[in-house]
Amino acid sequence: MKKEFTRIAIKVGSNVLTRQDGTLDVTRMSALTDQIAALHKAGVEVILISSGAVASGRSEIRTLRKLDSVDQRQLFSAVGQAKLINRYYELFRDHGIAVGQVLTTKENFGTRRHYLNQKNCMTVMLENGVIPIVNENDTISVTELMFTDNDELSGLIASMMNAQALIILSNIDGIYNGSPSDPDSLVIREIGQGKDLSNYIQTSKSSFGRGGMLTKTNIARKVADEGITVIIANGKRDNILINLIEHPEETVCTRFIPASQPVSSIKKWIAHSEGFAKGEIHINEQATEVLNSDKAVSILPVGITRIEGEFEKDDIVRIIDYRGTPVGVGKVNCDSMQARDSIGKHGKKAVVHYDYLYIE
């Protein structure tokens, strides 16, 4: 097997692992496991981000009373996650491969310490030939604490683990230049930096998952900007993973071309931390122009017009330009009170240093 990549993250969506009736498709799961095992034995390190816990639990439980959506999700995922990981354990054991379960929440990415703890855990697993199987902990992740879906989680994992590629398996072949149901529509095979896709993206959600193609595209864009190849492909097609690796030119999919200059690991974390921002730093027109240039610049007090919210040193904040448009995120060098005291002043140290600033 030829190897373009030595470490990949694979996200398997609910619509790939779920039958029409909403229960787990064990046949499809087994086929994907066989392919991942083949990649693993060829020397490719694989991190698997798998949906399917709720679908797995749905077929096990007959509720005694009508449950609201949160209770139902918690119940089905609690039962289903045990069943799902056990199924993966048995399928991979047939190939002589050990797997480990990683359940995470959005909050675990909110601080650098928790982020690095997760990274270390999965690094140790990979070093010892264990395949990490990652899923959101739906039993405690509800409403505002939830990821948009596992697409968002897979982007964070690929970035955190310095994967060379993220493969997002859905139930369609990729991003089309029209409606996927239109026979005249074609899959866009490659998407370069800055290509406008607003006319192509379907905003409908998937049948059993929480996300849609819009989410996948936004995540793919961000991850590709960090120097990681992103592939959106059809997980229901036979041998799809092997074909993507061995016959990339002939295999129908959408491939996002990665940026030529990968960003640092700390900037990768910051790039995905917008949801944890504690406040906002508003900058003037001159500072906005400098940020939009190719220069390596920091956010200095002289270019700040106002501070919104309360934050501590090392918190994540949003950077807002003079038009009120969010342009980036960064880790602050001081708390909000100190930042306010320095607004507009010359000769003061950076509020957000360039090394800890991610411009979108």
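Tyrosine 115 and tryptophan 269 are both buried in this predicted model. Three aromatic pairs were counted in total. In one of them, the ring centres of tyrosine 115 and tryptophan 269 lie 6.2 Å apart. Their planes meet at 50°, so the pair is tilted; stacked pairs would need an angle under 30 degrees, and edge-to-face pairs one over 60. This pair links distant parts of the chain. Tyrosine 115 belongs to helix H5 (residues 112-127), tryptophan 269 to helix H9 (residues 265-271), and 154 residues separate them. Together with Phe109, Tyr115 and Trp269 form one aromatic cluster.

Two lysines sit over tyrosine rings. The charged end of lysine 267 is 3.6 Å from the ring centre of tyrosine 354. Lysine 331 lies over the face of tyrosine 356, at 4.5 Å from the ring centre.

An open sheet was also found. Its 5 strands follow the order S10-S9-S11-S12-S13, with mixed pairing. Strands S10 (304-309) and S13 (357-359) stand at the edges. Each has a single partner strand, so one side of each lacks a neighbour in the sheet. On average, neighbouring strands are turned by 25° against each other, direction ignored. Strands of a sheet pair through backbone hydrogen bonds.

Strands S9 (residues 279-283) and S11 (residues 316-320) run parallel and are joined by 4 bridges. Valine 317 is in strand S11, where it stands opposite glycine 279. Valine 317 has a relative accessible area of 0%, so it counts as buried, a label for values under 20%. Its contacts include Ala277, Ile281, Phe311 and Val352. The C-alpha atoms of valine 317 and glycine 275 are separated by 9.6 Å, although the residues are 42 apart along the chain.

How values were computed:
Residues are numbered from 1 along each chain as its sequence is written. This is a predicted model: local features need pLDDT of at least 70, side-chain atom pairs count only at pLDDT 80 or more; totals for chains, interfaces and linings use all residues. Side-chain values use heavy atoms; hydrogens and water are left out. Two strands pair if DSSP finds at least two bridges between them. Helices (H or I, at least four residues) and strands (E, at least two) are DSSP runs, numbered from the N terminus. Axes are lines fitted to C-alpha atoms, for helices over the stretch in contact, and angles run from 0 to 180 degrees between N-to-C directions. Buried means under 20% relative accessible area, exposed over 50%, partly exposed in between (1.4 Å probe, protein chains only). Contact means heavy atoms within 4.5 Å. Rings of Phe, Tyr and Trp (its six-membered ring) pair if their centres lie within 6.5 Å; planes under 30 degrees apart count as stacked, over 60 as edge-to-face and the rest as tilted. A charge sits over a ring if NZ of Lys or CZ of Arg is within 6 Å of the ring centre and within 35 degrees of the ring normal. Lists of a residue's contacts leave out its neighbours within four places in sequence.
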